[in-house]
Structure formats: structure tokens, C-alpha cells
Amino acid sequence: MKLKHITLIISAIVLLSFTGCKDMQNPVGTDTPEYAIVLNNAVEIDGDLATTQVVECSLESNAFIPGDQSIFENCRFGREDMDKRCPPKGGPKDRPMIGKVMRELKLTAEQIELLKGFNLAHRDCIELTMQTWRDAVAPIMEKANAERKLIMDDLKNKVITRREAYDKLNVLNKAMRAEIDALGMKDTIKLAIEDCNKTLLDSIYGMLTPEQQIIWDKYFPNK
């Protein structure tokens, strides 16, 4: 599997972050559109969330995996206002807020341009990882959806009741989940996502001035 090499797609950008950024002046105002871009796009992805992105078969729809956008719109780094499903402060997913530290850093225009590149590379890294996940589970979901069709045909033809169809779908979904778990890929995908996240954080840290790094270390002491 190529997952352990997945972060190579951003290695060139990482190297750029360590050059030419130590003496930049004239920070961009935190209320500008430029700053809004970095606040909205610099997001750490939750590996647990990503590997549970399987919508089960129901009376209304086939099983499917949502698009990657759904995992970028999550609770990490202070984006809890975007999703009502996010846990309250102090919950198991509570993390330092990248939006808050970005405001304190007072990034320059040059740093913002670098960060745009980091964000795009990080998104590519996550999407490539998730495509590997989707490709692996696709045959299992296709089989489950074929079985769902048989159940729904029986329901339509009044061979079974709605309650019986619901119970059959419940059994089908449990079997589908068991097959996905049996792939043994969840931990691999989670580790790959952690690598994507670490590369993003290391890239950001590398472009900061020593003064900015002191501020960053207050929020992310292990980078």
C-alpha cells in the first residue's frame, strides 16, 4: 500500500516553508479577506471521523460514503459552529483552535501565500487517503446495495412488511460493517491521516518567525 508515502505530495512545499520567512514584516490585518482564507481552510482532519464515513442502507437510500467535503467541515480547530453534531468544549474531540492562534500570529502576506499552498496540499493528501479507503470498501458496499434491492423489491411487492424490511436491513448493515472492519484498514487510514495532519502543522511551524513560534508553542507544544 502506498499510504505511508502519501505525504510526499507536499514535501516540496514543506521545504519552501523553511526558507525566506524569518524576517518578514508588515502583517496582514486579521479582519481582511486574506486572513479569512487561512482561518477557514487550515483544518486538521479527524481519522476516527473519516473512517466511519459510511452511510448504511436504509428504506430511503443505498449505502454510500459521503464526499470528502463532509470530513473537512468538522469540529477540529474551533469550527464547532459549522456542525451541530460537534461535542461541547472539554469533550473528547476538544483541540487547540487554529483560528485563534492564527489571529495571534499576525501573519504576513508572504506567510499567507505559503499557508494557502499548505492547505491545498493537505486537502490533496486527505483526499488521496480517503480515495484509498473508498476503493477498498466499494465492493462490500456494492454487495450490500444489491441485497438491499432484493429487500426493497420484496417490500414493494408486499412479500414482506415495512417492519420486516427494516429488520432485514438492520441485519444487512451489521454484516456490512463487520466486513469493513475485517479489512483491517481503519488503523492504516487513521495513521495516514495523522501523517497528513502532522505535515500540515510542521509546515506551518516552519514558516514562522522565532517570535511567532513562541506563540504557536503555547497552543501546539508538540507541533
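Trainee: Why is Arg 177 called partly exposed?
Mentor: This is a predicted model, and in it Arg 177 has 23% relative accessibility. Buried means under 20% and exposed over 50%, so Arg 177 counts as partly exposed.

Trainee: What makes Arg 177 and Glu 56 a salt bridge?
Mentor: Their closest N and O atoms are 3.1 Å apart. The cut-off is within 4 Å, so the pair qualifies. Arg 177 sits in helix 7 (residues 162–182), while Glu 56 is in the loop between helix 3 (47–50) and helix 4 (69–72), 121 residues apart. Glu 56 is partly exposed too, at 33%.

Trainee: How do you know that Lys 143 and Glu 179 form a salt bridge?
Mentor: Here the closest N and O atoms are 2.7 Å apart, and the limit is 4 Å, so that's a salt bridge. The pair links helix 6, with Lys 143, to helix 7, with Glu 179.

Trainee: Why is the bond between Cys 125 and Cys 196 called a disulfide?
Mentor: The S to S distance is 2.0 Å. Sulfur atoms within 2.5 Å count, so Cys 125 and Cys 196 make a disulfide. Cys 125 lies in helix 6 (residues 109–156) and Cys 196 in helix 8 (residues 186–207), so the pair ties together parts 71 residues apart in sequence.

Trainee: And what makes that disulfide left-handed?
Mentor: The torsion about the S-S bond of Cys 125 and Cys 196 is about -75°, so it's left-handed.

Trainee: Why does Cys 57 count as buried?
Mentor: Cys 57 has 5% relative accessibility. Buried means under 20%, so Cys 57 gets that label.

Note on methods. Residues numbered from 1 in each chain as written. Predicted model: local features only at pLDDT ≥ 70, side-chain atom pairs only at ≥ 80, totals over all residues. Heavy atoms only, no water. Helix = DSSP H or I, 4+ residues; strand = E, 2+ residues; numbered from the N terminus. Buried < 20%, exposed > 50% of the residue type's maximum accessible area, 1.4 Å probe, protein only. Salt bridge = Lys/Arg side-chain N within 4 Å of Asp/Glu carboxyl O.
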